[in-house]
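Subject: Structure for you to look at

Hello,

I am handing over the structure we talked about. Please open it and keep it beside this email while you read.

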Amino acid sequence: MTVADLPALNATLNLTSGVLLILGYRQIRRSNHPAHKKFMVAASIVSGLFLISYLIYHRAVGSVPYPHYDWTRTLYFIILVPHIILAALMVVPIVTGLTFAFKDKFRQHRALMRWVFPVWVFVSLSGLVVYLMLYQL
Amino acid sequence: MKKLLLLILIFSISFTITSCATRVLPDLGDVPRFMFTEHNGGVFGVQHLRGKISVVDFIFTNCPGICPTMTANMKELYEAYADSIHLQFVSISVDPDRDSLFVLQKYALAQRVYDDRWKFLRAPIEEVVKLSEDGFKLAADDLPGGHSNKFALVDEDGQIRAYHDGTSNDLKPIRADIDMLLREAY
């Protein structure tokens, strides 16, 4: 496996964490707390792995410019910029929210994760779109 | 150096967002057991507070002072949350000698209360004092005029979560807390 394989791996990790988040959300809507916990912990681990892999890749290659100069360029940046900002801002809320859950502080966990969840799903899925546009277009 | 500053900025912003988003109302005490009578004649005890978010106040129908304002505010909330089956309003009389069930029924009708989302309770005065002071930590001296002006917010587990000034002409703070409790529970 080379550095060139990392973008595909990262995209897979992003997609996987997005799917795990949605599955975990469905479980809590059904009040299935043990399954909810399993999915969300898995999503966190996968997101964590993504973060590490992403940092390794960008340490190695620097920044990768978007090669097209048509209308897709506008779309690319409209997705990329919020993705980066929100991803950076989400680390503290996610870690805090997980901590609340592990400390049984479920009121705080729910209050926080209510908005963390949709933002996190957006970050995961937008990351996948960024990958597809940058490497597959 | 620039990267470090950026990291610090990101962490500060996300810490701030996290604290704002994690605002929850504190636990201020369990409402203790009580068993009063509501204006339609049924019983109303602590178990009737459970399962719903409740706004509770202490009034009496002959009150020349703060009760009209308090009741007007309750009424505004009662109408604002007309579609909410999870919210109820409870007004407890501190003047049971004059506030008979019939008087309370008339009072309820005067507020255009035709459903069971707003209950008016009466009970022997010692029990009302006990509930106000021991239960809600609201002073009940020199009744009936000396009753509290506070609205107490009780969650669906019977836990008191907030107190608000029932005579205030700004209902936004209490509405914010009610909305927070509704979101928390449902």
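Below are the notes on what was found in it.

This is a predicted model, in which local features need pLDDT of at least 70 and side-chain atom pairs count only at pLDDT 80 or more, while totals for chains, interfaces and linings use all residues. Residues are numbered from 1 along each chain as its sequence is written, chains are lettered from A and ligands numbered from 1 in the order in which they are written, and side-chain values use heavy atoms, with hydrogens and water left out.

Chain B

Start with the overall layout. Chain B has five helices and seven strands. Helices (H or I, at least four residues) and strands (E, at least two) are DSSP runs, numbered from the N terminus. Along the sequence the pattern is α-β-β-β-α-β-α-β-α-β-β-α. The C-alpha atoms of chain B fill a box of roughly 75 × 35 × 30 Å along the principal axes. Chain B has 186 residues, and 45% of them count as buried. Buried means under 20% relative accessible area, with a 1.4 Å probe and protein chains only. Take the contacts in chain B with a separation of 6 or more: 72% of them join residues 24 or more positions apart. Contact means heavy atoms within 4.5 Å.

The largest pocket

Now the pockets. A pocket is an open set of points on a 1 Å grid over the protein atoms alone, where a 1.4 Å probe fits and protein lies on both sides within 12 Å along at least five of seven lines; lining residues have an atom within 4 Å of a point. Points are joined across faces, edges and corners, and a volume is the space filled by probe spheres set on them.

The largest pocket holds about 1,700 Å³ of space. Its lining has 48 residues, and those nearest the centre are Leu51(A), Tyr54(A), Leu55(A), Ile84(A) and Ala87(A). Which helix gives the largest share of this lining? It is α3(A), with 14 residues. Both chains take part: α1 (6-29), α2 (33-61), α3 (71-102) and α4 (106-136) of chain A and α1 (2-21) of chain B each supply at least two residues.

The second largest pocket

This one has about 860 Å³ of space. It is lined by 26 residues, with Ile28(A), His36(A), His109(A), Arg110(A) and Met113(A) closest to the centre. Two or more lining residues come from each of α1, α2, α3 and α4 of chain A and α5 (172-185) of chain B. The largest share, seven residues, is from α4(A).

Helix α1(A)

This helix has 24 residues and reaches 35 Å from first C-alpha to last, close to the 34 Å expected at 1.5 Å a residue. The expected span is 1.5 Å times one less than the number of residues. Among its buried residues are Leu6(A), Pro7(A), Leu13(A) and Gln27(A). The buried residues of α1(A) pack against α2 and α4 of chain A. Just after the helix, Ser31(A) takes a positive phi of about 60°.

Ser126(A)

Is Ser126(A) buried or exposed? Ser126(A) counts as buried because its relative accessibility is 5%. A polar atom of its side chain lies 2.6 Å from the backbone oxygen of Phe122(A) and 3.1 Å from that of Val123(A). Leaving out residues up to four places away in sequence, Ser126(A) touches Ile79(A) and His83(A).

Best wishes

Methods: Buried means under 20% relative accessible area, exposed over 50%, partly exposed in between (1.4 Å probe, protein chains only). A polar contact is a pair of N or O atoms within 3.5 Å; within protein, one must be able to donate a hydrogen and the other to accept it, and residues adjacent in sequence count only if both atoms are side-chain atoms.
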